[in-house]
Amino acid sequence: MTAPDADPNAASSPAAAGTADPSVLVLGAGPAGLACAMELSRNGRRTMVVERDEQVGGLAKTLTIREGDLTFLTDIGPHRFFSKNKYLYDFIEDLLHEEWRKVPRLTRQFIDGKYYNYPVNFGQVVRNLGFLRSCRIGVDYFLARLRYGLFGKPMKTFEDYVVANFGRALAEFSMINYTEKIWGIPVRDIHPDWAKQRIHGLNLWSVLTKAIGLGGKKGPKSLVDEFYYPQFGTGTIYEEIGKHLAETGTKMLLRSEPVKVRHDGRRVTSVDLRTPDGVVTVRPDHVVESVPLTHFLTLLDPPPPPDVLAAAGALRWRAQVYLFLTLDKDKVTDDNWIYFPSKDIPFGRTSEMKNFSKDMCPPGKTSFFVEFFTFEDDPLWSMTTEQVLDLAMPYFESWGFFTRKEVRKAYLWKRSHVYPVYDSAYKSRLATIASWLERLENLVYIGRPGRFRYTNQDHSLEMGIIASRIVLEGRKYDMDTVGSENEYFEKGPIYEKRI
């Protein structure tokens, strides 16, 4: 049967398009979707992967910029790899082999013209701020411990969490203003899950005791000092998975997307896909979806109940605008990332790709990747490349980073649905959605967009692997436990490469 919105000359079935109905349909070729497809391929399942973009990798893809004979590579915001799961290291090692490099990590904050390690290094803060202001930080921390510890004030918001663990003065120095910059809402309206996920186990006392050599091994670990990174960008991981899938018979539909997902209240029965050759209908045994959850719900036929749609409509996403500059300069800094907490500075983070791998830039040149956080109805979202460049350049020139003359070319990209906003009500809304979606027994939803959950690429990969086991074993796994360990989210061992 031809889909209602299909072109009359388009194929109406996968057979007409030269493809049999897949056993598993994977929607989205980001880290989660590709990891799931990879594991299914290894187990002989007939799988189809559908991706709206012309390149796999989602937000972890690597872009190639050619300027004459020169080639620059950039991630869409560099992604270092770290995990507590050795299987993931082996998973990627099997793909990349000698392209997998160990990189020293340098991440700093730039505040009032001075650099500060990220996260906070207490000794450095004392040196930069001076004795009296540092004493104020100590007093504020003591008062916060009394208020939230001895007197038991509950931690209901992100603001409560960081003030309880760092004191008001230090929290406002970097964490509160940067967090509000990311999310675009006050910290009093942000759920404490964000703090528990990103900085659980870190507080001023643990930072101080570690700085002076106390606490031994019982205190929380610092951020990793090294991480693995592919020679030619994080996207290499996903390009290699895509090649493997194509070579082993997995159907890869790029520049394609779902337009209708039919179900009978118990199972997904068919999915209409818009492809470059027209609309086709597939009838998979299982559907693994990793596209934005709020969008996926609008594709369902019949639609979910009004309370589910209302819950989805109230969920918000933070978008990003990316400015990529190629430079006639050997280097700007030694940092992988620099964070800019001040709200007076329009961008939030920069990265220099050659500090991840020298092969990301031609010799004697460098590049600078600038990230802006925004909503799609903000003026920034509608700005042109030249307008965004004009917005950023006065800061870089005043700090001595580089001049306008050293900018070879500027490129602008925009991405919606980048950060799921953890506002105070997000959890109850997700619970409403999940309680209904779980009725569709052959549907698994995964990844940052699919589960409306801020995950790093390692956790998205892990979700994909777990999704494959759900399909292969016919049993349920608790996807919400992935990445929820009660310690700093960006910690993890660096495993030595296998010989």
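This is a predicted model: local features need pLDDT of at least 70, side-chain atom pairs count only at pLDDT 80 or more; totals for chains, interfaces and linings use all residues.
Pro-302 itself belongs to the loop that runs between strand S14 (300-301) and helix H11 (306-314).

A positive phi is found at Arg-255, a residue other than glycine, where the angle is near 50 degrees; Arg-255 is placed in the loop between strand S9 (251-253) and strand S10 (257-263). For Phe-452, likewise not a glycine, phi is positive and near 50 degrees, and this residue is located in the loop between helix H14 (447-451) and helix H15 (457-473). With regard to solvent accessibility, Arg-255 has a relative accessibility of 53% and is therefore classed as exposed, the threshold for that class being over 50%. Phe-452, by contrast, has a relative accessible area of 1% and so counts as buried, since the buried class comprises values under 20%.

The remaining position, His-191, is situated in the loop between helix H6 (168-183) and helix H7 (193-199). Because its relative accessible area is 15%, His-191 is assigned to the buried class. When residues up to four places away in sequence are left out of account, His-191 is in contact with Phe-158, and also with Tyr-422, Asp-423, Ser-424, Tyr-426 and Lys-427.

Terms used:
Residues are numbered from 1 along each chain as its sequence is written. Side-chain values use heavy atoms; hydrogens and water are left out. Helices (H or I, at least four residues) and strands (E, at least two) are DSSP runs, numbered from the N terminus. Buried means under 20% relative accessible area, exposed over 50%, partly exposed in between (1.4 Å probe, protein chains only). Contact means heavy atoms within 4.5 Å.
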